[in-house]
Structure formats: structure tokens, C-alpha cells
Amino acid sequence: MLSTEPPTRYTLFMSTAPQKTFYVETFGCQMNVHDSEKVIGTLVHQGYSQVQTVEQADLILYNTCSIRDKAEQKVFHRLADYKKLLAQGKKFGVLGCVAQQEGEKIFERAPHVSLVCGSASYRNLPQMLIQIEAGKRATGLDDRETDECFETEFTARTNPHRGYITIIEGCDKFCAYCVVPFTRGKERSRTSESVLAEARQMVDRGYTEIQLLGQNVNSYKDPAGKRSFAELLTAVGEIPGIKRVRFTTSHPRDFGRDIVELCDHVHLPVQSGSTRVLDAMQRLYTREQYLERIASMKAAKRELSITTDVIVGFPGETEADFAETLSLLDEVGYDSIFTFKYSPRPNTPSLALDDAIPEQEKSRRLEVLMSKQKEIQIVRYRKYIGARAEVMVEGRNEARKQWIGRTSQNKTLNFSAPEGTEPKLGSYVPVSITASFPNSLLGEMVI
Ligand code: SF4
């Protein structure tokens, strides 16, 4: 899932001395968004103050993602734009997946950059800041073998009610198309005790919803051997004050039945409905094994919302393979899907495969897939009309005179409140559902 939520200003203390300022721009997945929250907290603790424009900043950080096609080129274009600001004494840093992937080549192509740091090295940021303040260059490029996680008590969370906690970093799966194992290092989990301590601290600060994060969150292995992933989920959910626990992203191979009675929403990326393509993708499961996981979710006592990711146009995907993906959508009945066109990424095994499907054909398949899913969602969302759901109040749409809510199944449910009633942001209210759209529900608050 992609997030474009800008980080909000975060200031821990005020000082009369002029503060060093920084601006951070974040691209990519929730892991990156949460990494930026931790980076922001670390910088604030080091005496920096976050600003909202590049012009106001002494240090400009660019937290990059390399999942998409031409990601590196986009980063170098942006760095070229920043070059003109060098004369104003500003410093520049590249963080995240493109930093890890391109490494010191960034200094060659963009000599005005002072800091290149992959996510596995963020724990060393305080020392690296000292280096760049002294006019030197700093590099944090860990190899895949690091055992360390980026844990900090200074996380600057951007949402005051719903917060992320990373429980596992890196990935050992090596899917043929994916850069993550090369940019985020090997799988390493935090102890369940440290996760629970962070969750309790968040409850003390008013958080009621926690999202456990990991590239393969359900591959979690407590280094202290105390809790399985399902037991950790349960333990977080049992902390007094926590109303909802979510987790992203699961790998089908490690998906255990013990999870299905714990959450109302599961995001289980399938990527393709064809076992032949799944094999070429090195996904480690077949269509049938994936559907067994789905069957266990559908047999759960609670009603689960299931969402997924799909890639079209992987090398060798035939029309028949694609038809299998379409039939899988029908069979599962997802509440939402995230779709991607295949593009070869640096260092990945699929680079050796012939990317022969023309761009136009990939786009066609993408459109067919999205329109099929739209039909499915129209039917699925319609069945909620007349039902009642509890939502967390997330915002207000003044133009429509509606409140924005989110259900436990992670669906957007916009609603109107009776005259004179103002639900508090972050509170939970019951809503009666009156209408449905392909991506959202509409309702009226019940009092
Ligand atoms: S499981 Fe596959 S797709 Fe997910 S992060 Fe690991 S290599 Fe990438």
C-alpha cells in the first residue's frame, strides 16, 4: 500500500539558540513512512527542528522507494533539482531503498549529496549527522547480514490515534521480481517484549489502534522465543486501551490458521492466479495452497475482509495465465486489490528473464483486472447496506458535510452526524450504513 501522507511538524523542545532545520520527503510503503517517523524523531532528539518546505531547511532528506519502474532516475532528477540550493549552504541526504541500491554511485552522480543511508543503518544516524555537520560525507550501507533493528524511543508519529510498530525488518524470501531482500537486508525480528513495551507506551499517549509492520510480518520470530506472531497479535490486542490491531504485509507461505480469529482484515498478496507464474516468481506456494488459506479465512467465526496485491505482465505470463488471475478474483471476492504492471528491478532474479510482454499489453491486462475488481467490489460493498458498523472517526469533509470513518475491516465509511453532534477525531462511533460505492460506504451516525 502506498501512502502520501506528509509528515507533520514535530518539535520536542524549544530552544533560544537557532535550531538546525530539516525537511524530509517520503516515498513508498508504510515501512518507509514509519521509518521516516523514526528518522524524524531521531533528528529532533539531536536538536534539529522539522520544517515544511525545502527553502526553510538546512538539511534535506529524501526517503526513497525502488519498487516502481525508473525509481532511480526519478531520484537523480530530484537531486539535480536540489543542486541549485547548494549555494545556500544546504546539505542533502538520500535514505531508503534507492540509497541502499545505488550506494556510493549517488556521490558520483550527485556530488552535492552528503549522506547516503539504507534503512538497515538508520540506527547510526546520530553519528552520521555529526560527520555531515563537520562537512564530511557519511555513508550507511549495511550488507544483508546485519542482525540489528532500528529501535528508537523518539519516534515522531504523524497520526495521534493510529500508530505503526515495526516488528520485523528485511526479507529472506527473494521473490524473483523484488528488490526488498537486497535493500532491506535479512529478516530480523524484535523481541515481543520490546514490541509490547512500545505498544503500552503508545496507549499511554492516547493510541487506540496499532498496526504491526513488517515486509513479511507473519514470518515474525521472537528472538527471545516467548511468543509466536499470533500470540504477539493477541498480547497487543489485550493491552487495556487498545481497540484495534492490524498487521501488514503477510506472506501466504507463512500464513497460519491461528491468525484468522484475531483480526477483521487480512491483506494477503497473491501476485498471480497461475501456479506456473507463481513458480516463475519464486513465490513458494501454488494457487491451490493460496486458496486453502483463503478457505480457512472464510471458515472463521468472524467475517474477514480480504485484500491483495497483483502483478500483471510478469515475464512469460500468457493469456491463459492471466485468465487464471481473473478467475481467482472471482473465487476469492476481494474487498480491494493493489495492482502493478511488472517492471524489471535492479539486482533481482527476474532480470535474467525476457521481459517480452509489450507495455501496451501490460496496460490492457491491468485495465481488464481493475474493471473486473470494480464489478466485484460493487457487489461486495452493496451487501453492507442496512448493516451497522463501528468506525474510528478520522476526519471531516467540509465540502460534503460528512465525517470520515474507518471500520474494523479497514473500509472507509463516510457518515453524517445528527445536528449539534460533533464526533471527536479518534473516537469510535456506531454508524448505520445507507449506501455503497465501489471503494467506500456511506451512513448515518447512530446515537
Ligand atoms: S516476500 Fe517477496 S515481495 Fe515480499 S518483500 Fe520479500 S521478496 Fe519482496
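1. In this predicted model, helix α11 (residues 319-332) packs against helix α12 (residues 359-382) at an angle of about 15°, and their axes are 10 Å apart.

2. Which residues make the contact between α11 and α12? From α11 come F322, T325, L326 and L329, and they meet R365, L369, K372, Q373 and I376 in α12. By type, the residues of this contact divide into five nonpolar, two polar and two charged.

3. A closed barrel is also present. Five strands form the barrel, in the order β15-β16-β17-β19-β18, and the pairing is mixed. Direction ignored, neighbouring strands of this sheet are turned by 50° against each other on average.

4. One strand pair of the model can be followed in detail. Strands of a sheet pair through backbone hydrogen bonds, either parallel or antiparallel. Strand β18 covers residues 428-436 and strand β19 covers residues 440-445; the two pair in the antiparallel sense, over five bridges. S436 stands opposite L441 in β19.

5. Which residues are found around the ligand? They are C171, K173, F174, C175, C178, V180, P181, Q215, N216 and H251. This shell divides into six nonpolar residues, three polar and one charged. The cysteines C171, C175 and C178 are among the residues around the ligand, and Cys counts as nonpolar in this division.

Notes. Residues are numbered from 1 along each chain as its sequence is written. This is a predicted model: local features need pLDDT of at least 70, side-chain atom pairs count only at pLDDT 80 or more; totals for chains, interfaces and linings use all residues. Two strands pair if DSSP finds at least two bridges between them. Helices (H or I, at least four residues) and strands (E, at least two) are DSSP runs, numbered from the N terminus. Axes are lines fitted to C-alpha atoms, for helices over the stretch in contact, and angles run from 0 to 180 degrees between N-to-C directions. Two residues are in contact if their C-beta atoms, placed from the backbone, lie within 7 Å. A residue is near a molecule or strand if its C-beta atom, placed from the backbone, lies within 6 Å of it.
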